[in-house]
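Let's take a friendly walk through a protein model together. Have the sequence and the 3D view ready, and look for each residue as we come to it.

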Amino acid sequence: EWDRWLLMGLIGTAVGMLGFLTHQIIDSLIKLKWDLVESYLKEGNFHLTWLCVLGSGLAMTLVSSSSVLFFCPAGSPSGLPEIIGYLNGTSIQHLFNIKTFLGTFVSCVLAVASGLFCGPEGPMVHLGAILGCGLSQLQSDTLGIHLPFTRFRNSADKRSFITAGAGAGIASVFRAPIGGLLFTLEEVSSFWDIRLAWQTFFCCLMATFTTDLLSSSLYGFVYRGHFGFFEAEKRILFWVKNLLDMHILAFIPAILLGMLGGLLGALFISLNIKINKLRMQFFNSIPKSSLRKTSKLLETVLILQPLIFLSEGGIGGCEEAGGDVGCILSFLCSSEQGSAAALLVENGKQGIAYLFKRGTHEEFGYTSLCTALAFYFILSCWTAGSAVASGLVIPTLYTGALYGRIIGLILVSIFGAQANEYGAWIDPGLFAAIGAASFFSGVSRLTISLTVIMVS
């Protein structure tokens, strides 16, 4: 079995390198955009600032959507349902070829960097599965590669390596190897044994280790030193510095958030199904294939428009506040409109970290949180199923964090900001984390793997 373990390690390493590359490109594109915005704000040129946000967002969205519409239709929208279908006996053409890999990768990084309400998790599961399939079979019709190693060229082994690759994709995104294993067990695969569990865990472990190792010294593809030094604040996805002592009374709002997550999760799924039915009816009514694809392309641009409108409002609010540099990113706008815009134009991962932050009891008001919640809920529901390679994990965590923080703010309004150790649990950041887990669970129906991912 040494060759099987060797291939599992190789797949995990390859997926970890891909995860590192994905994060680096997304972070670099976002940093480039906001560096330009900051330079224009320094000059006081607010109209050029808004055009920069508009132009960069539209350009990345158009390329992202075009890559899955015209280059690899099998890459749209997330790939996760297709992987689950394949592992349970459904044959899908072009699901694991190189064109699908390249198109999904390009679409994913540009969709997330453009500001669309999505994350890289679903596409990373698909990309990890493609690597698992390709590296285990050692053949490619597209590249004309057919190596004589045929030991694993059978249906059962092929599915095992695809399962391990999919789990490694999740492990690389969340830096949680046990979470990746449990995700494949709970969500992806229906055929399981203890040997596959250990091998999948090894694959996930290698993916997480590779991503962490490369990220320890490189940021934005610039060498920062400290190779092999794993900083907890950078290694943990949603780092929370201050721990809180719990009180039994905290279970009451936690139960309320759990029920709210289930109800809103059901509403989200129901609304998404209706949107996708209307989307299919509309596009199927267009006779020409080229016109149909162009219409799908324009839909993704239409989804981006409310975000651009809100960013204009945030920039306008900063202009009224005196044009403080970086006020969109640092929430320095004094108006509720500016705070709501800041919550929506910020990178999803960074925005969640802001909402989870401890000791910021009055950082956001009711108006900004409720406005951001309404926009994010509707637009993330609309984005899911559109013509871009996108994931739902970051949007669901963000949506849950918003209403969780609202509940925390209500408790602060009733009991006040407590400074003593027995009342310190009344913190909006704590309930933002609980709300994020509740909505994610309500949408995905995951419990065990979600808990492990959230606490990793």
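We begin with a definition: a disulfide is a pair of cysteine sulfur atoms within 2.5 Å. Keep in mind that the model you are looking at is predicted. How many disulfides does a search of the whole structure find? The search returns 0. Take C203 as an example: the closest cysteine sulfur belongs to C204 and lies 5.8 Å away, which is too far for a bond. C203 is also buried, with a relative accessible area of 0%, and C381 is buried with a value of 0% as well.

Now turn to charged residues. Side chains of opposite charge can pair when their charged atoms come close. In this model the count comes to 6 salt bridges. One of them joins R4 to E1, with the closest N and O atoms 3.0 Å apart. Is R4 buried or exposed? R4 is buried, because its relative accessible area is 5%, and buried means under 20%. E1, at 43%, counts as partly exposed.

E1 has another partner, R195, and their side chains meet at 3.5 Å, N to O. Here E1 sits in the segment before α1 while R195 belongs to helix α8 (residues 194-215), so this pair ties together parts that are 194 residues apart in sequence. R195 is partly exposed, at 40% relative accessibility. Together, E1, R4, D157 and R195 are linked in a network of salt bridges.

Another salt bridge pairs R279 with E299, at 2.8 Å from N to O. R279 lies in helix α10 (residues 251-284) and E299 in helix α11 (residues 289-320), so the pair ties together parts 20 residues apart in sequence. Both R279 and E299 are buried.

Find F174 in helix α6 (residues 155-174); at 6% relative accessibility, F174 is buried. The C-alpha atoms of F174 and T208 are separated by 8.3 Å, although these residues are 34 apart along the chain.

Finally, visit helix α16 (residues 393-415), which has 23 residues. Of its 23 residues, 19 are buried, so α16 is largely enclosed by the rest of the structure. After α16 comes G416, whose phi is positive, near 85°.

Definitions and conventions:
Residues are numbered from 1 along each chain as its sequence is written. This is a predicted model: local features need pLDDT of at least 70, side-chain atom pairs count only at pLDDT 80 or more; totals for chains, interfaces and linings use all residues. Side-chain values use heavy atoms; hydrogens and water are left out. Buried means under 20% relative accessible area, exposed over 50%, partly exposed in between (1.4 Å probe, protein chains only). Helices (H or I, at least four residues) and strands (E, at least two) are DSSP runs, numbered from the N terminus. The expected span of a helix is 1.5 Å times one less than its number of residues. A salt bridge is a side-chain nitrogen of Lys or Arg within 4 Å of a carboxyl oxygen of Asp or Glu.
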